[in-house]
Amino acid sequence: ISIAQILQARVAALGAVPEVNPMPEVSSAITNGAAKVSWPSVVGRIYLLQYSDSLETPNWTNIGKGVHGSGGTEFVIVPVDTDAEKNRFYRVVDFE
């Protein structure tokens, strides 16, 4: 039995494939010891900013609480006092 057959069986058992929301494109800029992390949003969606110190073995950590989308650009200001904080990777997870 192949992996494709196993996945097809699981999809058939679920009856539908759950919708996956793509992560929005994140941009950031560091100024005066703080990173401004921003992304485009959709009204009614909730976004959670996360960071990881490595992409090789990512361990994503939540930053703050969810941000409600306004349909414009949302952002979070994150302190970056140390070299390790300045080299973090960020992503935004889209909740409904």
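Hi everyone! Let me start with a word we'll need: a residue is buried when its relative accessible area is under 20%, exposed when it is over 50%, and partly exposed in between, using a 1.4 Å probe and protein chains only. By that rule, Arg45 counts as buried because its relative accessibility is 15%.

A quick note on what you see above. This is a predicted model, where local features need pLDDT of at least 70 and side-chain atom pairs count only at pLDDT 80 or more, while totals for chains, interfaces and linings use all residues. Residues are numbered from 1 along each chain as its sequence is written, and side-chain values use heavy atoms, with hydrogens and water left out.

So, who does Arg45 meet in a salt bridge? Its partner is Asp94, at 3.2 Å from N to O. A salt bridge here is a side-chain nitrogen of Lys or Arg within 4 Å of a carboxyl oxygen of Asp or Glu. Asp94 sits in strand E6 and Arg45 in the loop between strands E2 and E3, 49 residues apart. Strands (E, at least two residues) and helices (H or I, at least four) are DSSP runs numbered from the N terminus. Asp94 is buried too, at 17%.

The structure has 2 salt bridges. Arg88 and Asp53 form one, with their closest N and O atoms 3.1 Å apart. Arg88 is in the loop between helix H2 and E6, and Asp53 in the loop between E3 and E4, so this pair ties together parts 35 residues apart in sequence.
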